[in-house]
Amino acid sequence: MISLNLKKKLKSAGGQMVLDLKLTIEKGQFVTLFGESGAGKTSTLRMLSGLLKPDSGLIEVGETTWFNSDENIDLKPQQRKVGYVFQDYALFPNMSVRQNLEYALHKGQDKAIIGELLQFAELNELEQRKPETLSGGQKQRVALARALVQRPEILILDEPLSALDLKMRIKLQEYLLQVHRKYKLTTILVSHDIGEIVKLSDKVFELHKGRVIKKGAAADFFGLNKTSAKFRFSGEVLKIQKEDVIYIVSVLIGNDIVRVVSDPIEAAQLKVGDQVLVASKAFNPIIQKL
Amino acid sequence: MDWQPLALTFKLALVTTAILFVISIPIASWLSSTKSKLRPVLETLVSMPLVLPPTVLGFYMLVAFSPENAFGGWLNEWLGIKLIFSFGGLVLASVIYSLPFMVQPIQAGLSSLPPTLKEASYTMGKSKMKTLLKILLPNIRPSLLTGIVLSFAHTVGEFGVVLMIGGNMPGRTKVASIAIYDEVEALNYTAANNYSLILFFITFIILLLVYLINGGYFKRFAQ
Amino acid sequence: MNSFPGHITDINTNGAMSIVGVEMDGGEKLMSIVIDTPESAPYLKMGNKVNVLFKELEVAVSTQTELDISIENRIAGKITNMEMGVLLSRLTLETSLGVVIAIISSMSVGKMGLGKGMNVMIMVKLNEIILAP
């Protein structure tokens, strides 16, 4: 179990903010931190991994204390050894894919894991390439594989898929789930994409101005998700227009815009920019080979 | 023509650059990562030689290292080191005088790297030293090269500090720039021109090489 | 979206699909077909509370009570309000479930002579009903 109880003064774009955070994460869970930018999500990850020092508080992981301001305990990032996948991937430009992974080995560690991870991430053919020659999705896979080399118990993913196109994102989501299960990780994700969150995580914490304002099982968190409807996607409202006695709501789902007819009562609750779930019974859509 | 001043110049530049390279990396690394309030002070000190007339620096070093003064006397008596009018003194003065030319490019290079590179290495359990040597420095090779070449060229070209602290002793402190001055004083323009031409072309070639390498020309040819 | 609470009284599973009977709080019984089984969706349990959802545009309206037609869910209702548009009309109906909204074509409203205060049957096919635990 990971328990965090942290206070930290942060300077954000909107001025000063005091992060005051209490959260517990069960071992083996896939947890998402959700919230608008500047809410303190990345700072939380950085404090957990030792890259940012809290002003006061406590971090306990299992039986070990990683940080305790009262007892002056503050383990270095080197001692915490979390697998951290950065938003910009942070691949070492001077090293090939294989060298990036090998660098992460700790002293005396069996090299066999490198081959295993390269294979698992489907990077075998790219292992001699330098990071600058890789596509976004490939870089992401290298960053993830590299974070797993030292067999961490905690994997931290800071908006890992936000820069990728939809197709690659969906593929990598599958891959993240596999990794999480295969290596029995406790995974902490920062993400804005509701579809992604629902698909991946067990539990969601919503942060707002440095505090947890809502938490819950991912399926319950966004309300409507637990319907029997099988044909469902999350997206963002682009346009709401009145037509006759109904409204037509345009929703951006991935790279596609779909239109959904909505009753005036529902439309009144929506505004442009809202994250929404679009669902229908699996019986209704038609399917045709292209 | 007397080659000794030229040989001495390049020996001085080489030794100075080597020492600067070793001491500038920790200084630049500290400057690029610290949040300490001392940082602006140290940055100012490092940059002082850029604006200070070399004679000021040379004058104070001359005073400090003079065996008649406490510090210079102590050095002379206890360590047997005589820094004025000696090659050792020239090296020390050149190191201080060229410090910003080595520290600043390295510091700028380190600051331009995304902080996540360093952080990624730390979360992998790697020490600061290992991170510096294996990740940070290899990724700022152009900056290192710039620092090395600028320091070297600047040391080759220095005059005021050398004259103040080293004087004009053939074979020991008479470097090329001073030899040129000497020859001009003696109205020996041909010799002055010889030294000048050699310095001109050597520095031109060195700088040209830097621009070619850092400009990526070599990389493009290699591919 | 029309949404009404009820509890599960019937589950008829075959392969990956089930037809689920839900008794509404008003006593009516509605049926839904889902691509789920009690194994794949733990909420499918006798007596479990579920919400029954169906879209306004999926509601059919008939003036006849006994109609030989393959629509499983039928509830009697009374039109309490009508909003006529050019193409579509929005009917508000009072039923034993509560207030149901139906959106049908204005053409049908005219042809059937629907008006405020009329008693009608509303119908929803079982594949249009979504269950939300």
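Colleague: Let's start with one residue: what does V31(A) stand opposite in β10(A)?

Modeller: V31(A) has K203(A) across from it in β10(A). Keep in mind that this is a predicted model.

Colleague: How do I read the pairing of the two strands, and in which sense do β3 and β10 of chain A pair?

Modeller: In general, strands of a sheet pair through backbone hydrogen bonds, in either a parallel or an antiparallel way. Here, β3 (residues 30-34) and β10 (residues 203-208) of chain A pair in the parallel sense, over four bridges.

Colleague: What is the strand order of the open sheet in chain A?

Modeller: Its six strands follow the order β7-β8-β9-β3-β10-β11, and the pairing is mixed. β7 (83-85) and β11 (211-217) of chain A stand at the edges with a single partner strand each, so one side of each has no neighbour in the sheet. From one strand to the next, the twist averages 15 degrees.

Colleague: Which strands does helix α1 of chain A lie across?

Modeller: Helix α1 (residues 41-49) lies across β3, β7, β8, β9 and β10 of chain A, and runs at about 150 degrees to β8(A).

Colleague: Now chain B. How do I read the packing of two helices, such as α5 and α8?

Modeller: Two packed helices are described by the angle and the distance between their axes. For α5 (residues 87-112) and α8 (residues 141-157) of chain B, the angle is about 160 degrees and the axes are 8 Å apart. α5(B) and α8(B) are therefore roughly antiparallel to each other. The crossing of α5(B) past α8(B) is right-handed.

Colleague: Which residues meet there?

Modeller: Among them, F101(B) and M102(B) are on the α5(B) side, and L150(B) and H154(B) on the α8(B) side. The residues of this contact divide into seven nonpolar, nine polar and no charged.

Definitions and conventions:
Residues numbered from 1 in each chain as written. Chains lettered and ligands numbered in written order. Predicted model: local features only at pLDDT ≥ 70, side-chain atom pairs only at ≥ 80, totals over all residues. Pairing = 2+ DSSP bridges. Axes fitted to C-alpha atoms, helices over the stretch in contact; angles between N-to-C directions. Contact = placed C-beta atoms within 7 Å. Parallel < 35°, antiparallel > 145°, perpendicular 65-115°, else oblique. Left-handed = near helix turned anticlockwise from the far one by under 90°. Nonpolar A, V, L, I, M, F, W, Y, C, P; charged D, E, K, R; others polar.
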